[in-house]
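Please open the structure in the viewer and keep the sequence at hand.

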Amino acid sequence: MRPRSRPARAAALVAAALAAAPSPAAANGVFPSADQIVFDPEDPARAVARMTYGLLATRDGGASWRWICEGAVGYDDTGGVAPPIAAAEGGRVLAALSDGIAVGAEGGCAWTRAAELAGKAVLDLSVRQGDPSHVVAVAAGTRHGLWASRDGGASWASAGTPLPAGFQARTVDVAPSDPQRVYVSGLATGSGPVQGMIARSADGGATWETAVVPGSTTSREPYIAGVDPLDADVLYVRVASAPGRLFVSTDGGAAFEPVFETQGFVRAFAISPDGATVAVGSDIDGVFRAPSSTLAFERVSSVAPRCFAWTEAGLYACASEFLDDFTIGRSLDGGATFEPLLRQACIRGPLGCAATTAVGALCPTDWPRVALMTDHRDCTPDAGSPAAGSGTSAGATGATGVGGATAASGGGGAASAGGTGGAPDAPGGGARPAGGARPGDGGCGCHTGSAGGGWAGALAAACMAAAAAARRPRQRRDGVRRA
């Protein structure tokens with residue numbers, strides 16, 4: 001598929017898709033999808049994906065997935081704003097909410113709030129790669145400010161001084177190689193118009209300096225894409241717009257150079273754990289890859305990723321199931337091909353938790369709605385008739401787990417991911433392949449849009465068509481930066 005054919009193909013399906021859909025199949029008004037995935041830094045077989053209808057958790061490297069409802073975490077996504085999530089020390093899952101930070105323990109069953117941030121609008125949070133005890137967050141206020149945890153999110157304290165006056169934060173990250181180096185992206189006003197900026201600190205937030213991200217403003221906001229795992233001075237920033245652009249700074253955020261441009265939005269970004277390779281994903285142009293030493297990008301796949309996460313076990317991507325045949329997949333060849341790990345019809349049901357926990361008390365009653373929305377069925381190999389609405393199917397889903405088994409192979413935590421020059425067709429001079437690699441039929445043995453669930457596939461087509469045609473970014477908290 002040529003990159004430019006995606007919007008046309010999707011648009012051509014709108015009328016038929018809407019006509020085929022007898023009832024809304026959308027998750028809180030949007031197409032059911034994933035847009036962030038984080039891995040437990042102490043157990044790579046455990047991961048959590050942020051969906052448009054809550055969270056999904058796997059404890060077996062992606063072989064099976066179970067649902068955590070929004071109510072258990074403490075948010076409502078009806079407005080289309082999803083919370084940034086992170087995986088920290090002690091198996092904790094953290095979510096940045098409009099009124100604090102939700103802390104998930106007991107494998108995601110029990111959720112509490114960080115007392116120190118109660119009532120504060122937390123805009124973003126990030127776990128330092130290589131040190132899961134170190135977490136940073138940025139919260140709104142009269143002046144936006146940095147918060148830090150040194151025990152994996154169990155307790156928090158204000159860090160340093162507030163961000164510069166007028167600075168409206170969007171994303172935050174801490175350098176893997178230097179715990180004192182902190183970067184915050186956002187918008188700021190000076191004597192002139194609103195500009196996109198990076199606030200940077202070399203002393204853990206005690207002092208701040210700012211620099212303009214070229215071409216960024218209120219309609220083209222800058223988001224941190226990632227920090228090089230070996231060099232704290234190398235910072236990647238994407239600008240949320242179409243055409244999308246990726247910038248790099250090699251001097252600690254003082255100046256930026258464009259290194260990649262795409263027709264659509266830059267939805268995904270990741271750096272390999274060894275820092276040698278960079279992957280960028282566009283919702284229009286597919287997957288591009290480049291050595292970090294040259295940043296000469298080459299298109300390697302037509303998959304349109306919504307998020308990336310790169311661990312020692314491979315490059316993971318969120319994608320459109322209607323277009324790419326999987327919601328979460330893994331690549332062992334740097335993004336050229338992906339094996340499906342999750343198709344949404346194969347979700348097992350609510351996460352198995354005691355009735356005394358938030359998940360156990362709230363999620364089972366809401367599961368029938370999600371089962372209908374995802375066209376749920378029994379994906380056990382050689383299963384009988386679909387068990388729509390049932391969340392208790394036994395056995396494996398049939399998905400190929402991490403490392404080709406039911407558990408992850410290799411270790412390593414997730415690299416910073418998300419976000420996105422060069423010409424739109426072949427940034428960095430990379431050649432366009434004749435056809436992008438597509439995932440095979442491996443993995444979960446079920447497909448969306450089948451005879452039994454055609455309305456779900458049809459509505460998926462409509463939603464994806466609208467998204468591709470309009471190419472609008474979601475509000476911040478779209479997760480594309482870190483997945």
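Predicted model: local features only at pLDDT ≥ 70, side-chain atom pairs only at ≥ 80, totals over all residues.

Is strand S26 (residues 314-319) largely enclosed by the rest of the structure or exposed, and why? Six of its six residues are buried, so the strand is largely enclosed by the rest of the structure. Buried here means under 20% relative accessible area.

S25 and S26 run antiparallel and are joined by six bridges.

Then select strand S27 (residues 328-331). S27 is also antiparallel to S26, with four bridges between them. To locate this pairing, find Leu 315, which stands opposite Ser 331 in S27.

The tour now moves to a helix. Select H5 (residues 358-373), a helix of 16 residues. From its first C-alpha to its last, H5 reaches 22 Å, close to the 22 Å expected at 1.5 Å a residue.

Where does H5 bend? Centre the view on Trp 367: the helix bends there by about 45°, and a proline, Pro 368, follows within four residues. Trp 367 is also one of the buried residues of H5.

Finally, step just past the end of H5 to Asp 375, where the backbone takes a positive phi of about 60°.

Key: Residues numbered from 1 in each chain as written. Heavy atoms only, no water. Buried < 20%, exposed > 50% of the residue type's maximum accessible area, 1.4 Å probe, protein only. Helix = DSSP H or I, 4+ residues; strand = E, 2+ residues; numbered from the N terminus. Pairing = 2+ DSSP bridges. Expected span 1.5 Å × (residues − 1). Bend = angle between axes of the 7 residues up to and from the residue.
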